[in-house]
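Open the model in a viewer and keep the selection tool ready. The stops below each give a selection and a description of what is found there.

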Amino acid sequence: MYRFIAFIVRNLMFALCRYDWKGGENFPAKGGFIAAANHVTELDALTLAHYLFDNGREPRILAKRGLFTSPLTGWALRGTKMIPVDRESAKATESLQNAASQLGDGACVAILPEGTLTRDPDYWPMEGKTGVARIALTTRLPVLPVAQWGVTEIMPRYGRLRWPYPRKTVTIQTGPPVDLSDLYDRPQDTATLREATSRIMDAITAELEQIRGEVAPKHRFDLRKHPEYEAKMTTYPPVERP
């Protein structure tokens, strides 16, 4: 089932975009790992899955549970053993345990740590959720930062698919594992989880800076400090950065 769906998705994605793939040499030769990526548009999960699959891994992506109930999307997610997430609920812990279990079996679990599309007006990664840190510190498996850029040329943030021709280039780049070893034996309290999450988001941002040839803002956008950005918007008002 996985390979059948992968065949469909690969051909669809190759029809929509050209790829510039980098950093495959950072993948571990064997064993499970966590791929943590930035999140700009609803198409990110497909381009990320395509990248990981064509680099020899069958990714398990954490996705909101609502997607599993739709006829077509739900069938594809269940068939490829993706992991449903109950956001903002006590059941979210079960999703993390499921992900940790699959990592123990040598799977690649792909996570979009921001939990939703970035609200940063310039599409830089915003503050991440701590779920990725919990999995990383529990399993002690490598976290690889993945940055992707160019997907908005195919599907804008909260927008619809654009005419795909000529095909647009999507660049995806993986960096070396994030060093969290000094945090493994510390209690998984808020401070430790935030520190691990910040290191992961810093690493993703650093990869994206290389792709874009730009320097990210000094302070990452924090959705908790800007509730007016919570709603879905395609255009965002200017934000004052500290």
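Begin with Thr 116, which sits in the loop between S5 and H5. Helices (H or I, at least four residues) and strands (E, at least two) are DSSP runs, numbered from the N terminus. This is a predicted model, in which local features need pLDDT of at least 70 and side-chain atom pairs count only at pLDDT 80 or more, while totals for chains, interfaces and linings use all residues. Residues are numbered from 1 along each chain as its sequence is written, and side-chain values use heavy atoms, with hydrogens and water left out.

Thr 116 is buried, at a relative accessible area of 18%. Here buried means under 20% relative accessible area, exposed over 50%, and partly exposed in between (1.4 Å probe, protein chains only). Show the surroundings of Thr 116: leaving aside neighbours within four places in sequence, Thr 116 is in contact with His 39, Met 126, Tyr 158 and Leu 223. Contact means heavy atoms within 4.5 Å.

**The loop between S1 and S2**

Select Gly 23, in the loop between S1 and S2. Gly 23 is buried, with a relative accessible area of 9%. Not counting residues up to four places away in sequence, Gly 23 touches Tyr 51 and Thr 174. For a distance check, pick the C-alpha atoms of Gly 23 and Val 85: these residues are 62 apart in sequence and 28 Å apart in space.

Next, select H2, residues 44-54. Eight of the 11 residues of H2 are buried, so the helix is largely enclosed by the rest of the structure. The buried ones are Asp 44, Thr 47, Leu 48, Ala 49, His 50, Tyr 51, Leu 52 and Phe 53. After H2 comes Gly 56, with a positive phi near 90°.

Which residues have the most contacts inside the largest nonpolar core? They are Ala 35, Leu 48, Leu 52, Val 146 and Val 170, in a core of 31 residues. A nonpolar core is a set of buried Ala, Val, Leu, Ile, Met, Phe, Trp, Tyr and Cys residues joined through side-chain atoms within 4.5 Å. To see where this core comes from, colour the elements that give two or more residues to it: helix H1 (2-16), strand S1 (17-22), strand S2 (33-37), helix H2 (44-54), strand S3 (59-64), strand S5 (108-111), strand S6 (143-149) and strand S7 (168-174). H2 gives the most to this core, with five residues. Another core, of 25 residues, lies apart from it and includes Leu 96, Leu 103, Val 178 and Ile 200.

Return to Val 170 and display its neighbours. Not counting residues up to four places away in sequence, Val 170 touches Cys 17, Arg 18, Tyr 19, Asp 20, Trp 149, Gly 150, Val 151 and Ile 154.

**Helices H5 and H6**

Now select residues 131-139 (H5) and 190-212 (H6), which pack at an angle of about 100° with their axes 8 Å apart. Axes are lines fitted to C-alpha atoms, for helices over the stretch in contact, and angles run from 0 to 180 degrees between N-to-C directions. H5 and H6 are therefore roughly perpendicular to each other, the term for 65 to 115 degrees; under 35 counts as roughly parallel, over 145 as roughly antiparallel and the rest as oblique. On the H5 side, the contact is made by Val 132, Ala 133, Arg 134 and Leu 137, and on the H6 side by Thr 192, Leu 193, Ala 196, Thr 197 and Ile 200.

In H5, the buried residues are Gly 131, Val 132, Ala 133, Ile 135, Ala 136 and Leu 137. H5 is followed by Arg 140, whose phi is positive, near 60°.

**Salt bridges**

Finish with the charged side chains. The structure holds 12 salt bridges, each a side-chain nitrogen of Lys or Arg within 4 Å of a carboxyl oxygen of Asp or Glu.

- Select Arg 3 and Glu 58, whose side chains meet in a salt bridge (3.4 Å, N to O). Arg 3 lies in helix H1 and Glu 58 in the loop between H2 and S3, so the pair ties together parts that are 55 residues apart in sequence. Arg 3 is exposed, at 59% relative accessibility, and Glu 58 is partly exposed, at 29%.
- Select Asp 202 and Arg 220, which form a salt bridge (2.8 Å, N to O). Asp 202 is in helix H6 and Arg 220 in the segment after H6, 18 residues apart.
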